[in-house]
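Hi everyone, thanks for coming.

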Amino acid sequence: MPKFDIAGHRKIWFLISALIIIPGIICMFVRGFNFGIDFTGGTIIDLKFDQPVAISQVRTSLAKYDLDDATIQLSGAQSDVKESEDVMIRTKDLEEDQRKEVMATLKSDLGDYKVLREEKVGATIGGELITNALLALVVSWALIILYVAYRFELRFGIAAVLALIHDILIVLAVFSLTQRQIDSSFIAALLTIVGYSINDTIVIFDRIRENLKLHFRRGGDVNQLVNRSIYQTLTRSLYTVFTVLFTTASLYFFGGDTTKDFAFALLVGFSVGCYSSIFIASPLWIIFRNWGEKRKHQPKPEAAA
């Protein structure tokens with residue numbers, strides 16, 4: 001028997017999640033999010049320098065104006081070019097005076113250049129696209145419930161989707177609290193987190209189903225059943241999440257500046273996904289099962305004479 005009662009302490013796990021989610025939701029309404037130029041629009045500057053320059057050099061110059069989060073692209077004959085004369089900068093919307101200051105600093109730091117293009121652009125991710133993404137997410141949740149209800153039972157499906165919503169809320173809360181930038185890659189990170197988390201949850205649910213058939217007697221201890229199932233899959237879950245976290249941490253610490261927010265979202269999401277699969281999804285299933293058992297054993301009202 002496991003020494004620590006994971007399922008029996010579910011109120012503690014729910015409280016821990018609430019201590020993150022509730023302040024996060026309040027922060028979402030009060031401070032909102034730090035949306036990147038994909039959502040807010042910005043300025044595109046296309047330059048051709050007299051001498052090849054590196055992305056790090058351009059970013060250092062832009063950092064003097066707090067523009068080091070700008071998207072910088074080099075173009076050249078090779079796809080993996082590290083230095084180039086042709087540089088495209090996409091940054092937040094700049095006023096005329098600020099734009100001239102930035103251009104002058106680039107010239108003094110990196111040398112003369114020729115301006116190939118300079119224009120303001122709108123947001124690439126409009127409200128309609130965000131609405132469609134949310135709709136697709138809701139439809140996927142409904143399909144997950146239907147599939148899990150078919151393969152397992154309805155209570156498993158509802159618990160799995162609630163755990164996914166829990167994961168997304170925590171990632172959104174962390175990004176709102178820390179004011180990290182949200183761009184198009186953030187949406188990709190959320191979808192990746194959803195796929196990872198549901199896979200880990202299904203592994204535990206599958207073991208619970210097997211133990212229900214093989215080792216559970218009528219009137220038995222459901223907490224004990226869930227604990228046994230979690231501990232039987234715990235090693236596999238931890239090995240998987242640590243392997244993924246090591247890779248994602250490498251991307252965060254050694255990758256480029258433009259991938260840090262994406263990698264940070266994955267780090268938070270994968271960690272929370274593992275946590276919710278173990279400490280949230282299965283306890284939720286216990287609650288739903290207990291509710292169902294109570295309703296099943298409630299005395300039916302006698303028919304009126």
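I'll talk about a helix first and then a pair of strands.

A word on the ground rules: this is a predicted model, where local features need pLDDT of at least 70, side-chain atom pairs count only at pLDDT 80 or more, and totals for chains, interfaces and linings use all residues. Residues are numbered from 1 along each chain as its sequence is written, and side-chain values use heavy atoms, leaving out hydrogens and water.

Let's start with helix α1, residues 10–30; helices here are DSSP runs of H or I, at least four residues, and strands are runs of E, at least two, numbered from the N terminus. From first C-alpha to last, the 21 residues of α1 reach 30 Å, close to the expected 30 Å, which is 1.5 Å times one less than the number of residues. Just after α1, Gly 32 has a positive phi of about 75°.

Which residues of α1 are buried? They are Arg 10, Trp 13, Ser 17, Ile 21, Gly 24, Cys 27 and Met 28. Buried means under 20% relative accessible area, exposed over 50%, and partly exposed in between, with a 1.4 Å probe and protein chains only. Ile 16, also in α1, counts as partly exposed because its relative accessibility is 37%.

Now the strands. In β3, residues 71–75, Ile 72 and Leu 74 make up the covered face, while Thr 71, Gln 73 and Ser 75 are on the uncovered one. β3 pairs with β4, residues 83–91, in the antiparallel sense over five bridges; pairing requires at least two DSSP bridges between the strands. Leu 74 has Val 87 of β4 as its bridge partner.
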